[in-house]
Amino acid sequence: MDVGMVRHRRLADDIVTQLEAMILEGTLKPGERLPAERTLAEQFGVSRPSLREAIHKLVAKGLLVSRHGGGNFVAQSLGTTFSDPLLHLLENNADAQRDLLEFRHTLEGSCAYYAALRATEVDQQRLGEAFAALQDCYSREGAVSRAEEGAADARFHLAIAEASHNTVLLHTVRGLFDMLKRNVVTNIGGMYALRDETRNMLMKQHQELYDAIVGRRADEARDVIHRHINYVQEVLAEGQQEARRLARAQRRHGDKVKGS
């Protein structure tokens, strides 16, 4: 009996290890529902009691959440690096937005570099689907919302992070996904108003990025990311300068009105 108990514990620990690996590598995503116990037990080739023990251990670790009558889910909090109140503060602070763009140089440049080196055929297929969805948004100019385009843009960059096969990069991008998505929406709204060529430029840059990754040109992929974000920074800085000039002009006009 003692031997059986030891084996039982080891089996449950093996299941825990496998499920933890699936969460870490991104196969199981935050908020995702696990298959039914019977299905999962069959997939692992284990008994349901062993599976339940493993699930209980993962719930205790905060990696899974069990809902009575609703199944088992990967903890949603695993996909949240920043709290909603902090996100709100960051999104409404000009300096923080600049900091985010600077951070994207490092984060997305590394993702693109490693994706070009490591992407599998499956990764490249998913990346191609995300890229096609983004291109579809670009092609429907005037018929697509900024929110839809921004979401497609962010999903394309998320697919690159997944293809990097670096778990820290992937979970950082996932944790920041909502903020990155909103940052893209804010940026393109301002950029389209400032320069007529912005849409074509973004299409060209994303095409170059996609081609470099699937062509396994790692240095080029990273360089494209840097040029892309430099362009965004340049256009947004131009808009900020124009806003400051307009504010000065309005102040001068106000002073003249008061003095007349």
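The lining of the largest cavity is made up of five nonpolar, two polar and two charged residues. In these classes, Ala, Val, Leu, Ile, Met, Phe, Trp, Tyr, Cys and Pro are nonpolar, Asp, Glu, Lys and Arg are charged, and the others, Gly among them, are polar.

The structure is a predicted model, in which local features need pLDDT of at least 70 and side-chain atom pairs count only at pLDDT 80 or more, while totals for chains, interfaces and linings use all residues. Residues are numbered from 1 along each chain as its sequence is written, and side-chain values use heavy atoms, with hydrogens and water left out.

**The chain**

The chain contains eleven helices and two strands. Both kinds of element are DSSP runs numbered from the N terminus (helices: H or I, at least four residues; strands: E, at least two). Starting at the N terminus, the order of elements is α-α-α-β-β-α-α-α-α-α-α-α-α. The chain has 260 residues, and 39% of them are buried; buried stands for under 20% relative accessible area, exposed for over 50% and partly exposed for what lies in between (1.4 Å probe, protein chains only). Among contacts in the chain with a separation of 6 or more, 73% join residues 24 or more positions apart. A contact here is a pair of heavy atoms within 4.5 Å.

**The cavities**

Three cavities of 30 Å³ or more are found in a search of the whole structure. A cavity is a set of points on a 1 Å grid over the protein atoms alone where a 1.4 Å probe fits but cannot get out, and its lining residues have an atom within 4 Å of a point. The largest cavity holds about 70 Å³ of space. Around this cavity stand Arg104, Asp153, Val184, Asn187, Ile188, Met191, Leu202, His228 and Val232. Helix 9 (177-194) and helix 11 (218-259) are the elements that supply two or more residues to this lining. Helix 9 has the largest share, with four residues.

**Two helix pairs**

Helix 6 (residues 121-139) and helix 10 (residues 198-214) have axes that come within 11 Å and cross at roughly 170°. The two helices are therefore roughly antiparallel, a word used for angles over 145 degrees, whereas 65 to 115 degrees counts as roughly perpendicular. On the helix 6 side the contact involves Gln124, Leu127, Gly128, Phe131, Leu134, Gln135, Cys137 and Tyr138, which meet Arg199, Leu202, Met203, His206, Gln207, Tyr210, Ile213 and Val214 of helix 10. This contact has ten nonpolar, five polar and one charged residues. Leu202 of helix 10 takes part in the contact with helix 6 and also lines the largest cavity.

Helix 2 (residues 37-44) packs against helix 3 (residues 48-60) at about 105°, with the axes 9 Å apart. That angle makes the pair roughly perpendicular. Glu37, Arg38, Leu40, Ala41 and Phe44 of helix 2 touch Arg48, Leu51 and Arg52 of helix 3. By class, four nonpolar and four charged residues, and no polar ones, form the contact of helix 2 with helix 3.

**Two residues with positive phi**

Histidine 165 has a positive phi although it is not a glycine, and arginine 216 also has a positive value in a residue other than glycine. Histidine 165 is partly exposed, and arginine 216 is partly exposed as well.

| Residue | Phi | Loop | Relative accessible area |
|---|---|---|---|
| Histidine 165 | about 55° | between helix 7 (146-163) and helix 8 (167-175) | 45% |

Notes
Axes are lines fitted to C-alpha atoms, for helices over the stretch in contact, and angles run from 0 to 180 degrees between N-to-C directions. Angles under 35 degrees count as roughly parallel, over 145 as roughly antiparallel, 65 to 115 as roughly perpendicular and the rest as oblique. On a 1 Å grid over the protein atoms alone, a cavity is a set of points where a 1.4 Å probe fits but cannot get out, and a pocket is an open set with protein on both sides within 12 Å along at least five of seven lines; lining residues have an atom within 4 Å of a point. Grid points are joined across faces, edges and corners, and a volume is the space filled by probe spheres set on the points.
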